[in-house]
Amino acid sequence: MNRHLHFFGQQDRISPKIDTGLLGVRGRELNELAELGFPILPGFILDAKIAPEIDAEAIKKDIKVLLDRCAAIAGKKYGDAENPLLLKVLVSGNLAVNAYPVLHNFGLVRPTIEGFAKLAGKDSAVRETLFLIRGMLKVEERIRETEGKARTRDEISARVKILDRTLGIAPPSNELGGRDKPLKIDKSAEAYIDEYAKYFPAGFFDNAEDQLLIALSEIFKMLRMEPLTGEKDTALLIQPMVYGYGKNFCTGTCFSRNVFTGEKKLQGEFCRGSSNEAGAQGIEKINGKYLKELQRIAWALEDKFRDIRQLRFAVEKGKLWLIEQGPVEQKSVRADIKLLLDLEKRKIVDKAYAVKALDPRRLSEILHPLIDTPSLKGLKQWKGGIAGAPGAAVGRAYFSTDRLLKARALARQKGEDDRFILMLESSFAEDLKAIEVSAGVLTSQGGYAAHASVIARQYGKVSLIAPDLKIKGKKAGLGNFTFSEGDYLTLDASFYTEPVVYAGAAKLIEPDPKESGLLEFISLVSDLRSELFARTAKNGAGRRAGSRRFQVRANAESPGDAALALSFGAEGIGLCRTEHMFFQAERLKVFREMLLADDEKERKQALAKLLVMQRSDFFRLFKVMAGKDLCIRLLDAPLHEFIPDAFHESNPMLGRRGCRIAVSYPEIYAMQVQAIFEAAYKLQKEKIEVRLEIMVPMVMNAAELRLIAYGKNIEGASYAGIADIEEELRQEQKARPLDYHIGAMIELPAAALGAGEIARYARFFSFGTNDLTQTALGISRDDFTGFMGDYTRFDLIPRNPFSVLDGRVKELIALAVERGRLTRPDLICGLCGEHGANAENLEFCMDAGLDYVSCSPYAVPVALLAAAQAEITRNK
């Protein structure tokens with residue numbers, strides 16, 4: 001026996017002394033299955049030492065011996081006229097991608113076809129003969145291509161296309177872009193053999209033994225012409241086939257667990273007898289003996305490959321055979337999470353493996369509804385745009401907030417479908433209520449950091465920006481379809497695939513964080529991060545002396561959002577945007593009264609009303625966040641978003657916003673600071689721990705922060721700072737001193753460059769990367785989408801800078817951290833904004849020495865997982 005021929009089977013493993021690199025990928029996989037004792041069909045491998053070069057006639061006797069061994073196990077004989085054994089030949093290279101033809105059904109020759117037809121049926125005999133012919137035609141096609149025989153190659157190529165249409169292998173398209181009609185099988189197997197015999201060497205269909213040798217010779221010829229042959233890395237694998245024909249046979253496929261829910265229960269189908277004789281049945285209805293065997297195999301494969309597996313099997317003469325197994329392409333993140341939790345519990349993998357195995361971006365899938373793909377059939381679609389907030393949404397489209405709210409109220413009164421899509425050019429503060437009650441929002445202007453996107457992420461809604469959207473009255477157009485107000489739309493917004501808008505209502509699959517295993521997985525991630533931090537602290541290898549564990553905080557303004565963020569693993573609130581607390585209709589009215597007041601007296605009257613609201617807001621937030629950091633940003637309201645028809649600035653995003661409004665109207669921040677500390681002192685009396693940070697937004701220089709934080713006396717006037725207000729209130733209420741921090745939001749290049757001076761008055765920095773990106777690059781976050789496509793097309797900007805931090809923005813952040821800590825070594829630094837939820841930014845945040853990132857509640861699990869993965873890498 002040639003030493004480069006290797007037999008394998010359920011009871012036969014290839015010698016461990018053999019270099020497995022000579023077996024190719026497929027050969028190694030099958031040998032691994034043999035080593036596991038799985039019921040695989042026997043076979044043999046011509047390893048890469050001889051496969052491309054040897055003369056097939058030289059190993060003719062060895063092949064016969066090996067085929068006889070296969071026949072003894074399979075219960076059929078190769079070349080037998082009554083019960084023929086058929087073979088498949090696989091080219092087994094060392095590349096993961098196998099570009100070689102599929103070669104099945106060797107042994108179908110004139111003397112064996114009648115016997116095979118009696119067992120499998122005439123139709124099956126014809127189809128399997130055509131599959132054999134097609135596979136070998138592909139070999140001949142490649143040989144002619146390499147030999148430069150274009151005319152013969154083209155003729156063979158045309159024949160392959162005809163067979164593709166006949167067998168339904170692929171839906172070929174014609175020159176006009178339509179699909180060609182499938183062809184009918186209208187001949188016997190013998191007739192097709194006679195028709196195609198001229199394309200193969202003489203004697204190919206005369207007897208089984210010669211057919212295999214001829215096939216091997218042609219395959220060897222093809223391989224010798226391939227570029228890879230010089231590397232000697234291609235093996236050949238020969239294995240019997242089973243078909244599941246007859247009454248006592250069945251074939252089927254199954255997954256090792258449910259690919260949507262992740263339940264550890266086989267999911268699949270099988271057909272009794274020929275697949276044409278009876279319909280498919282659920283795998284749970286197969287004979288109990290075979291079900292147990294499939295479970296044993298499937299779950300052992302999961303443990304080995306640490307992945308959900310797909311199995312193809314056949315039962316023939318009471319024997320279960322594993323035909324092949326492999327990874328599953330289409331599966332939910334929920335299924336992967338359930339698998340990883342199962343593997344970790346049983347100590348098949350450790351926590352670090354489970355955490356590293358999942359792409360953080362995929363977690364958005366489990367936090368938001370998904371489209372049930374079959375329900376999309378027949379729906380028109382438009383692809384493109386930007387996902388502002390991920391997920392899927394279905395609802396009737398309305399083009400104004402007022403009309404949507406009225407339609408929703410009417411629908412609820414009548415008990416009708418109350419799902420809606422808000423569709424606008426862009427959104428403002430008065431649109432918040434509609435976004436809150438809608439399933440999603442579709443706008444034509446803005447981007448990832450625009451108002452609609454930010455609010456949608458806050459409320460767990462879907463946001464999609466489609467620059468091609470045109471709205472005119474109660475009609476709208478998008479790409480190749482138009483629709484009217486009230487028509488159903490389906491939005492599919494994803495951060496890692498192209499967003500799609502569908503005309504019509506698709507079916508959605510709703511998320512369930514607890515049932516899906518997400519909350520348990522988050523707990524596992526948090527446990528691992530604690531272990532890694534403890535190990536790092538023990539070894540004295542922290543980012544800097546006295547540093548805290550890197551945190552993932554949330555952006556939240558309501559007790560509900562705060563509680564949701566905590567359930568998702570948030571370790572604090574890194575950004576409470578107080579202007580968002582005024583979006584509700586009754587509050588917005590009072591807030592506008594304050595902004596539009598004619599004098600200080602009117603303004604203070606409005607502020608007195610707001611004080612009551614704010615005190616209640618902060619009290620409830622502090623209570624939910626007891627013992628955890630809560631960073632409250634004082635008012636930062638681009639005024640055009642709140643009073644678009646009554647207030648005008650040439651450039652409102654750089655106008656009187658942030659701390660600038662407090663310089664002009666000190667009473668506004670004074671009201672907020674009073675509300676914060678009155679709430680904090682009340683909780684102090686209830687013995688609830690308050691960990692307070694007060695952030696001053698849009699700081700330009702140190703003098704601004706000093707004024708807002710510590711006040712100033714000038715001739716004839718004085719300005720009460722945060723510290724002054726707190727001290728006065730504390731004395732009035734006879735409260736104990738509260739350990740609170742005042743910090744600056746660094747969102748201007750000037751602030752980053754002046755960080756050393758600003759740190760004299762700031763206990764912490766929070767980098768507002770949306771505005772820092774705008775001001776550093778001179779790009780409007782709301783208008784960028786209008787020309788982003790052009791810049792991408794000409795490679796002028798590599799990525800969306802409002803999603804992935806630009807290198808120059810990173811430089812400003814790193815510089816500010818360095819300069820700030822030269823002044824104040826214990827300066828706490830964080831990043832607030834959705835940049836913090838992007839895994840591509842997390843490692844930079846850690847390298848730059850930041851202490852935390854803060855993002856929307858629904859992005860917290862994504863950031864936690866990305867942070868854990870970065871920490872695993874850093875702890876190696």
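**The open sheet and its surroundings**

Author: The protein chain has 30 helices and 35 strands. Helices (H or I, at least four residues) and strands (E, at least two) are DSSP runs, numbered from the N terminus. This is a predicted model, where local features need pLDDT of at least 70, side-chain atom pairs count only at pLDDT 80 or more, and totals for chains, interfaces and linings use all residues. Residues are numbered from 1 along each chain as its sequence is written, and side-chain values use heavy atoms, with hydrogens and water left out.

Five strands form an open sheet in the order 1-2-7-5-6, with antiparallel pairing. Strand 1 (5–8) and strand 6 (103–106) stand at the edges. Each has a single partner strand, so one side of each is left without a neighbour in the sheet. Neighbouring strands here are turned by 20° against each other on average, direction ignored. Two strands pair if DSSP finds at least two bridges between them. In general, strands of a sheet pair through backbone hydrogen bonds, either parallel or antiparallel.

Look at one pair. Strand 2 (residues 43–46) and strand 7 (residues 235–240) are antiparallel, over three bridges. F44 has I238 as its bridge partner in strand 7.

Helix 2 (residues 60–74) lies across strand 1, strand 2, strand 5 (87–92) and strand 7. Helix 2 runs at about 5° to strand 1. Axes are lines fitted to C-alpha atoms, for helices over the stretch in contact, and angles run from 0 to 180 degrees between N-to-C directions. Contact means heavy atoms within 4.5 Å.

Now the cores. A nonpolar core is a set of buried Ala, Val, Leu, Ile, Met, Phe, Trp, Tyr and Cys residues joined through side-chain atoms within 4.5 Å. Buried means under 20% relative accessible area, exposed over 50%, partly exposed in between (1.4 Å probe, protein chains only). The largest nonpolar core has 132 residues. F622 and F765 have the most contacts inside it. Helix 21 (residues 666–685) gives the most to this core, with 11 residues. A second, separate core has 64 residues, including F44, L66, L163 and A215. F765 touches, among others beyond four places in sequence, I746, L827 and Y852.

Other strands pair too. Strand 24 (residues 500–503) pairs in the antiparallel sense with strand 14 (residues 380–383), over four bridges. There, K380 stands opposite A503. Strand 23 (residues 488–493) also pairs with strand 24 in the antiparallel sense, over four bridges. T490 stands opposite Y502 in strand 24.

Two single residues deserve a look. S256 sits in the loop between strand 8 (250–255) and strand 9 (267–272). S256 is buried, with a relative accessible area of 0%. Beyond four places in sequence, S256 touches residues including K265, W299 and R309. N841 lies in helix 29 (residues 839–847). N841 is buried as well, with a relative accessible area of 0%. A polar atom of the N841 side chain lies 3.0 Å from the backbone oxygen of S803. Leaving aside neighbours within four places in sequence, N841 is in contact with S803, V804, L805 and H835.

Last, the whole chain. Buried residues make up 56% of its 876 residues. Along its principal axes, the C-alpha trace spans about 115 × 65 × 55 Å.

How values were computed:
Polar contact = N/O pair within 3.5 Å; in protein donor to acceptor, adjacent residues only side chain to side chain.
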